Amino acid sequence: RCRKVLELHSSRMVKTPMAEPGRKFSRMQPEINLRIAKSSRDHGVGITDKTIGFLSQSMGIKIPSPNNLMHIHGKVKVAVGILKDKREEENLKEHNAAVRNSDGYEGDVEWEYNGV
């Protein structure tokens with residue numbers, strides 16, 4: 001008995017810069033897991049039992065458990081939210097600059113709330 005362990009990795013391990021909500025640190029995970037979660041979100045495909053069965057049984061792809069997939073979806077959701085917030089702020093700045101440079105611009109509106 002040689003007591004050696006053979007490990008086969010069909011996908012490289014990656015660590016994302018953001019952690020899942022409720023966690024302090026991101027953990028290493030197979031790249032294919034992240035790609036499945038991101039692709040399903042990008043294309044509006046729900047990760048249901050049928051989808052899991054199709055990928056694992058019909059296609060022969062070893063995928064994480066449904067629970068782990070939901071954790072990965074949480075990380076993807078955080079990443080999308082950060083990107084959305086950045087883009088929303090950029091769009092607002094671009095819009096304000098375009099309005100201020102347009103013809104007929106008469107200055108910013110000063111708003112009062114309860115006389116203040």
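Student: Happy to start with R87: in which helix is R87 found?
Tutor: Good place to begin, and keep in mind that this is a predicted model. R87 has a relative accessible area of 40%, which makes it partly exposed. Its C-alpha atom and that of E106, 19 residues along the chain, are separated by 27 Å. The helix that holds R87 is α3.

Student: Which pattern does the chain follow along the sequence?
Tutor: Let's build it up from the elements. The secondary structure comes to three helices and two strands. Read along the sequence, these follow the pattern β-β-α-α-α.

Student: Why is the chain described as more spread out than a compact globule?
Tutor: For 116 residues the globule rule gives 13 Å, and the chain is well over that, so it is more spread out than a compact globule. The box filled by the C-alpha atoms, taken along the principal axes, is roughly 85 × 30 × 30 Å. The value behind the description is a radius of gyration of 23 Å.

Student: Is I47 buried or exposed?
Tutor: I47 sits in the loop between α1 (31–42) and α2 (49–58). Leaving out residues up to four places away in sequence, I47 touches I36, S40, I52, L69, M70 and H73. Because its relative accessibility is 16%, I47 counts as buried.

Student: What is the relative accessibility of I52?
Tutor: I52 belongs to helix α2. Beyond its neighbours within four places in sequence, I52 is in contact with I47, Q57, I63, P66 and L69. I52 counts as buried, and its relative accessibility is 14%.

Student: Which helices do the buried residues of α2 pack against?
Tutor: In α2, the buried residues are T51, I52, G53 and L55. The helix is followed by G60, whose phi is positive, near 75°. The packing partners of the buried residues of α2 are α1 and α3 (66–100).

Student: Which residues make up the largest nonpolar core?
Tutor: In soluble globular proteins, nonpolar side chains tend to be buried together. Here I47 and I52 both belong to the largest nonpolar core, and I47 touches I36, I52 and L69, among others. The core has six residues in all: I36, I47, I52, L55, I63 and L69.

Student: What is the relative accessible area of K75?
Tutor: K75 lies in helix α3. Not counting residues up to four places away in sequence, K75 touches T16, M18, A19, E20, S26, R27 and Q29. K75 is buried, and its relative accessible area is 8%.

Student: How far apart are the mean positions of the positive and negative charges?
Tutor: Let's count the charges before giving the distance. The chain has 20 positive and 15 negative charges. Their mean positions are separated by 21 Å.

Notes: Residues numbered from 1 in each chain as written. Predicted model: local features only at pLDDT ≥ 70, side-chain atom pairs only at ≥ 80, totals over all residues. Heavy atoms only, no water. Helix = DSSP H or I, 4+ residues; strand = E, 2+ residues; numbered from the N terminus. Rg over C-alpha atoms; globule rule 2.2 N^0.38 Å. Lys, Arg positive; Asp, Glu negative; His and termini not counted. Charge placed at Lys NZ, Arg CZ, Asp CG, Glu CD. Buried < 20%, exposed > 50% of the residue type's maximum accessible area, 1.4 Å probe, protein only. Contact = heavy atoms within 4.5 Å. Core = buried A, V, L, I, M, F, W, Y, C linked by side-chain atoms within 4.5 Å.
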